[in-house]
Amino acid sequence: MKSFKGRPVLNDVTFVVKKGSITGFIGPNGAGKTTTIKILSGLLRKDSGVVRVLDEDPWDNPRIKQKVSVIFTKLPYPPNDTVEEYLNDLNSVFHGDLQSLIKEFNLREHLRKRISQLSSGQAQKIQLIAALIKNPELIIADEPTANLDPKARLEFYDIVREMNRKMGVTFFISSHILSELERVITHVVFINNGQIVAQGEINDVESKLDSSEILILVREKEKALEVLKEFNPTLDGAYIKVSGRMREIIDLLDDAGVEVLNVRKTSLDDVFKKLSSI
């Protein structure tokens, strides 16, 4: 439980992050994501209940700070530090394999730059290196790609996937950019109005909320609408939305000579819309 000025923000929030997973933490604005992340990170004290991060209460716990790293939207840094100075200062505390990380992230040419001179994408690489220096078991990231351009966001998630695979680091990531988050996460936790409304492996969560809806992108939209009229098709942007058996629908379009460009069922965005309305 957590309240601010008598107003409940979190109420009976219960979820589990599986070790070794990349778990997405998703919910609308004001749902309680940042408050939850601050409590898990030991930056905010709960009002009641039990919180366990790596089997310990994170509040004011130096042992958790040794095992958990936190990544924010913007890198908090001393304004006049160079990249090299900032990372060396951190490494003097945690004694990680800094040189290997610098090589892994291709940052040697940027070491002499002040952090304030870096692009947003480069600054987030610095945050990842800073997070990994202590060889953490868990990295918690609060909207880490919010200020990045599309290329930098994709690169960030490629690195996350690689660090998860190579180092076994568990990631817990909140983000509004669901189409990109969906490419990397293995598990998902949905929060709405301060309560957990769904959690688990992403495929399981999507299938539980999935109906028979199918979204189809075709070359000849009007012809496809006519072919599929018995399925009561509707337009959803560039896609045609129908309900039915995917194989039967694709066969009908194929028999009619309609080229199908893409087919998908429920996406993370679709699940988000449904759960946000609960």
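Analyst: A helix crossing is called right-handed if the near helix is turned clockwise from the far one by less than a right angle, and left-handed if anticlockwise. The model is predicted: local features require pLDDT of at least 70 and side-chain atom pairs pLDDT 80 or more, while totals for chains, interfaces and linings use all residues. Residues are numbered from 1 along each chain as its sequence is written, and side-chain values use heavy atoms, with hydrogens and water left out. Helices (H or I, at least four residues) and strands (E, at least two) are DSSP runs numbered from the N terminus.

The account begins with a pair of helices. Helix H5 (residues 120–132) and helix H6 (residues 150–167) have axes that come within 10 Å and cross at roughly 15°; axes are lines fitted to C-alpha atoms, for helices over the stretch in contact, and angles run from 0 to 180 degrees between N-to-C directions. H5 is therefore roughly parallel to H6, a class that covers angles under 35 degrees, with over 145 roughly antiparallel, 65 to 115 roughly perpendicular and the rest oblique. The crossing of H5 and H6 is right-handed. On the H5 side, the contact (heavy atoms within 4.5 Å) is made by Gly 121, Gln 124, Lys 125, Leu 128 and Leu 132, and on the H6 side by Ala 152, Glu 155, Phe 156, Ile 159, Met 163 and Met 167. Sorted by class, this contact of H5 with H6 has 7 nonpolar, 2 polar and 2 charged residues. Here Ala, Val, Leu, Ile, Met, Phe, Trp, Tyr, Cys and Pro count as nonpolar, Asp, Glu, Lys and Arg as charged, and the others, Gly among them, as polar.

H5 also packs with helix H3 (residues 83–94), at an angle of about 20° and with the axes 10 Å apart. H3 and H5 are therefore roughly parallel to each other, and H3 passes H5 in a right-handed crossing. In this contact, Val 83, Tyr 86, Leu 87 and Leu 90 of H3 meet Ile 126, Ile 129 and Ala 130 of H5. The contact of H3 with H5 has 7 nonpolar residues, no polar and no charged ones.

Strand S3 (residues 22–26) is considered next. Because 5 of its 5 residues are buried, S3 is largely enclosed by the rest of the structure; buried means under 20% relative accessible area, exposed over 50%, and partly exposed in between (1.4 Å probe, protein chains only). Both faces of S3 are covered, with Ile 22, Gly 24 and Ile 26 buried on one side and Thr 23 and Phe 25 buried on the other. Strand S6 (residues 170–174) pairs with S3 in the parallel sense over 4 bridges, pairing being taken as at least two DSSP bridges between two strands. Within S6, Ile 173 is the bridge partner of Gly 24. S3 pairs with S7 as well, in the parallel sense over 4 bridges, and there Thr 23 stands opposite His 187.

His 187 belongs to strand S7 (residues 187–192) and is buried, its relative accessible area being 14%. Neighbours within four places in sequence aside, His 187 is in contact with Lys 18, Ser 21, Ile 22, Thr 23, Gly 24, Gly 200, Glu 201 and Ile 202.

Thr 35, for instance, has a relative accessible area of 12% and is buried. Not counting residues up to four places away in sequence, Thr 35 touches Lys 2, Phe 4, Val 9, Leu 10 and Leu 44. Just after H1, Gly 42 takes a positive phi of about 80°.

Strand S9 (residues 213–218) is joined to strand S11 (residues 239–243) by 4 bridges, and the two run antiparallel; Glu 213 stands opposite Ser 243 in S11.
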